[in-house]
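Please read the following note alongside the sequence and the model.

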Amino acid sequence: MTGIRNIVILTGAGISAESGIDTFRAEGGLWEDHRVEDVATPEAFARDPDLVLRFYDMRRAAIQTKAPNAAHLALARLDREWDGDLLIVTQNVDDLHERAGATRVLHMHGEHLNAWCTACDARPRWTGPLIDRPACPECGAAALRPDIVWFGEMPYRMDEIFAALEEADLFVSIGTSGAVYPAAGFVRNARELGIPTLELNLEPSQGTYWFDEARHGPATGLVPAWVEEMLSPPRT
Ligand code: BJW
């Protein structure tokens, strides 16, 4: 791939699957054990906060036992070595991109290791449970919830994402089913802007038709190979 300077990369649960973090929609995935409407909407939280807090306490504890895999490490290498603009827009709420060493990361669906105080709007770093209604370190209110974007809520930093897409020369989507908007629509936004698009996923995503190129297989194989291509000087 030549003439590329600015890259936007969208990642989803598939990039963390080989680290042992469940995806959402696969057989045996998170939504098989929990109905979305019971745990991932503001209405669910209002109806049964204990159920929702326990679900997220369990997952917050679990991600802290997992480690980045070869795909996270390859993107961190690209982040370090790529001298054009690069933005990793992740739908993931784990911190494996950061633990692999990536710095240009934007969490559009929030982060497990933050809490959000609905009283004062602080977002303190949070590694422990929320079920016992701990006090917010900023204001003292017992009003902390997971800092996770639920269905019906606005994903974070959309202006920054669209601004990066407008400047991009390549859009790459890794490990996402293309089932959840607005992220699922980025490939079409990119096409409208005339930007080449590449899908790297275990299987064809719901939006695979929209990509100029799609490569299918495990992220730990596909992503390091693609990063190597991007960083290898073109042969003359
Ligand atoms: C591998 C692999 C390996 C496995 N290697 N690959 C039309 C337009 C706009 C909005 C809507 C719309 N229609 C409906 C909506 C609303 C709604 C929505 O999208 N609903 C759908 C069900 C249709 N969206 C929203 O409500 C969003 N807010 C919103 O739209 O606000 C208004 C707005 C409008 C326009 C512009 C801007 C704003 C909010 C969405 C919040 C999503 N939150 C969740 C849950 C967080 C809580 C939690 O973590 O528990 O975020 S949903 C869940 O899905 C999570 C994920 O980030 C998200 C995406 O899932 P992902 O990552 O794709 O995972 P999977 O499991 O689906 O797929 C994994 C893929 O990996 C698979 O393809 C595998 O094959 C692959 N794979 N192993 C490579 N080893």
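Is Pro 146 buried or exposed, and what is its relative accessible area?

1. Pro 146 is buried, with a relative accessible area of 2%; buried means under 20% relative accessible area, exposed over 50% and partly exposed in between, with a 1.4 Å probe and protein chains only. Pro 146 belongs to strand S5, where helices (H or I, at least four residues) and strands (E, at least two) are DSSP runs numbered from the N terminus. Not counting residues up to four places away in sequence, Pro 146 touches Leu 53, Tyr 56, Arg 60, Asn 114, Trp 116 and Leu 130, contact being heavy atoms within 4.5 Å. Leu 130 is 16 residues from Pro 146 in sequence, and their C-alpha atoms are 7.9 Å apart.

2. On the basis of the model: it is predicted, local features need pLDDT of at least 70, side-chain atom pairs count only at pLDDT 80 or more, and totals for chains, interfaces and linings use all residues. Residues are numbered from 1 along each chain as its sequence is written, and side-chain values use heavy atoms, with hydrogens and water left out.

3. The whole structure contains 6 aromatic pairs. Rings of Phe, Tyr and Trp (its six-membered ring) pair if their centres lie within 6.5 Å; planes under 30 degrees apart count as stacked, over 60 as edge-to-face and the rest as tilted. Phe 55 and Tyr 56 have ring centres 4.9 Å apart and planes at 85 degrees, so this pair is edge-to-face. Tyr 56 also forms a tilted pair with Trp 150, at 6.1 Å centre to centre and 50 degrees between the planes. Because Tyr 56 lies in helix H5 (residues 49-63) and Trp 150 in the loop between strand S5 (144-148) and helix H8 (158-167), this pair ties together parts 94 residues apart in sequence. Both Tyr 56 and Trp 150 are buried. Phe 45, Phe 55, Tyr 56 and Trp 150 form one aromatic cluster.

4. The charged end of Arg 145 sits over the ring of Trp 150, 3.8 Å from its centre. The criterion is NZ of Lys or CZ of Arg within 6 Å of the ring centre and within 35 degrees of the ring normal.

5. Which residues of H10 are buried? They are Ala 219, Leu 222, Val 223, Trp 226, Val 227 and Met 230. Seen down the axis of H10, these buried residues fall within an arc of 125 degrees, so they line one face of the helix; the arc is that of the directions from the helix axis to the C-beta atoms. Their cover includes strand S1 (7-11), helix H6 (70-81) and strand S6 (170-174).

6. In the largest nonpolar core, of 26 residues, those touching the most other members are Ile 7, Ile 9, Leu 75, Val 172, Val 223 and Trp 226. Such a core is a set of buried Ala, Val, Leu, Ile, Met, Phe, Trp, Tyr and Cys residues joined through side-chain atoms within 4.5 Å. H10 gives the most to this core, with 6 residues. Apart from this core lies another, of 20 residues, among them Cys 117, Trp 126, Ala 143 and Trp 150.

7. Most residues other than glycine have a negative phi, and most peptide bonds are trans. Tyr 181 and Pro 182 are joined by a cis peptide bond, with omega about 5 degrees. Asp 121, not a glycine, has a positive phi of about 75 degrees.
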